[in-house]
Amino acid sequence: LPLANAIVPVGEQAALIELCADLGITVDPSNACASAAVVCDGASDTYELDFDNVITNGKISSRIGELVSLTKITIRDQLGLTGGLPDEIGSCAALSEISIKTSGFDTTTIPGSLFLISNLNKVVITGNTNWGAALPSEWAQFQGTHLELTGSTNKKFSGDLSSTSPNMPNIQTLIISSNAL
């Protein structure tokens with residue numbers, strides 16, 4: 001049910017509607033918060049994208065970078081997703097949490113800009129069967145408290161961790177397993 005008085009900031013509505021349309025998700029232009037994929041916070045003009053209970057197909061467009069009030073992204077069991085996260089995700093200044101579990105992403109990279117979002121506290125990327133991504137050097141600059149990067153049976157994160165010196169003063173949970181690092 002849509003929240004009373006909950007809105008997506010006017011400057012972000014067009015980008016949100018287009019991003020969702022590209023993924024096959026219908027969003028009512030008069031009330032984006034009524035969409036199954038958009039969770040709004042009535043106390044503030046922040047919102048989340050939750051692709052756990054909707055079927056998606058396609059790529060996440062670069063317009064995601066225009067969603068500066070977006071606080072959380074949940075992608076779970078979305079094998080219809082292709083491509084990967086665009087580098088513009090680094091412009092999502094309010095993003096505090098991202099969880100990607102078992103997606104259809106088929107890219108070979110994770111954008112380094114993701115790890116440079118100053119507000120980002122939690123990153124979970126696990127079990128993505130098509131995402132054999134190279135871990136960018138920016139991972140070592142992550143300032144959040146929880147980082148979990150777990151590969152799958154046939155696809156693993158790769159890279160040389162010995163060439164980077166992590167500077168993560170806030171980290172409380174670091175899980176990097178089932179990878180080729």
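This is a predicted model: local features need pLDDT of at least 70, side-chain atom pairs count only at pLDDT 80 or more; totals for chains, interfaces and linings use all residues.

Q: Which cysteines does a disulfide join?
A: In general, a disulfide is a covalent bond between the sulfur atoms of two cysteines. Here, cysteine 33 and cysteine 40 are joined, with an S to S distance of 2.0 Å. The structure holds one disulfide. The angle about the S-S bond is -85°, and the link of cysteine 33 and cysteine 40 is left-handed.

Q: Which residues of helix H1 are buried?
A: Helix H1 spans residues 10-22, and its buried residues are Glu12, Ala15, Leu16, Leu19 and Cys20. Viewed down the axis of H1, the buried residues fall within an arc of 130°, so they line one face of the helix.

Q: Against which strands do the buried residues of H1 pack?
A: They pack against strand E1 (38-40), strand E2 (47-50) and strand E3 (70-78). Just after H1, glycine 24 adopts a positive phi of about 80°.

Q: How is an aromatic pair to be read?
A: A pair of aromatic rings is described by the distance of the centres and the angle of the planes. This structure holds one aromatic pair. Its members are phenylalanine 115 and phenylalanine 142, whose ring centres are 6.4 Å apart, with 90° between the planes, an edge-to-face arrangement. The pair links distant parts of the chain, the two residues being 27 residues apart. Phenylalanine 115 lies in the loop between strand E4 (97-103) and strand E5 (122-126), while phenylalanine 142 lies in the loop between E5 and strand E6 (146-150).

Q: Are phenylalanine 115 and phenylalanine 142 buried or exposed?
A: Both phenylalanine 115 and phenylalanine 142 are buried.

Q: How many salt bridges are there?
A: Side chains of opposite charge can pair when their charged atoms come close. In this structure the count comes to four salt bridges. One of them joins aspartate 52 to arginine 76, with the closest N and O atoms 3.0 Å apart. This pair links distant parts of the chain, since aspartate 52 is in the loop between E2 and E3 and arginine 76 is in strand E3, 24 residues apart. Aspartate 52 has 28% relative accessibility and so counts as partly exposed. Arginine 76, at 26%, also counts as partly exposed.

Q: Which residue forms a salt bridge with lysine 72?
A: The partner of lysine 72 is glutamate 97, and the closest N and O atoms are 3.9 Å apart. Lysine 72 is partly exposed at 24% relative accessibility, and glutamate 97 is partly exposed at 22%.

Q: Which residues do salt bridges with shared partners join into one network?
A: Glu18, Arg63 and Glu66 form that network. Within it, the side chains of arginine 63 and glutamate 66 meet at 2.9 Å, N to O. Glutamate 66 has 37% relative accessibility and therefore counts as partly exposed.

Q: Where is isoleucine 176 found?
A: Isoleucine 176 is in strand E7 (residues 173-177). Its relative accessible area is 27%, so isoleucine 176 is partly exposed. The C-alpha atoms of isoleucine 176 and threonine 126 are separated by 9.7 Å, although the two residues are 50 residues apart along the chain.

Q: What can be said of the chain as a whole?
A: Of its 181 residues, 45% count as buried. Among contacts between residues at least 6 apart in sequence, 67% join residues at least 24 apart. The accessible surface comes to about 8200 Å², and 48% of that belongs to carbon and sulfur atoms.

Notes: Residues are numbered from 1 along each chain as its sequence is written. Side-chain values use heavy atoms; hydrogens and water are left out. Buried means under 20% relative accessible area, exposed over 50%, partly exposed in between (1.4 Å probe, protein chains only). Helices (H or I, at least four residues) and strands (E, at least two) are DSSP runs, numbered from the N terminus. The arc is that of the directions from the helix axis to the C-beta atoms. Contact means heavy atoms within 4.5 Å. Rings of Phe, Tyr and Trp (its six-membered ring) pair if their centres lie within 6.5 Å; planes under 30 degrees apart count as stacked, over 60 as edge-to-face and the rest as tilted. A disulfide is a pair of cysteine sulfur atoms within 2.5 Å. Accessible areas come from the Shrake-Rupley method with a 1.4 Å probe; for residues, only the protein chains shown count as cover.
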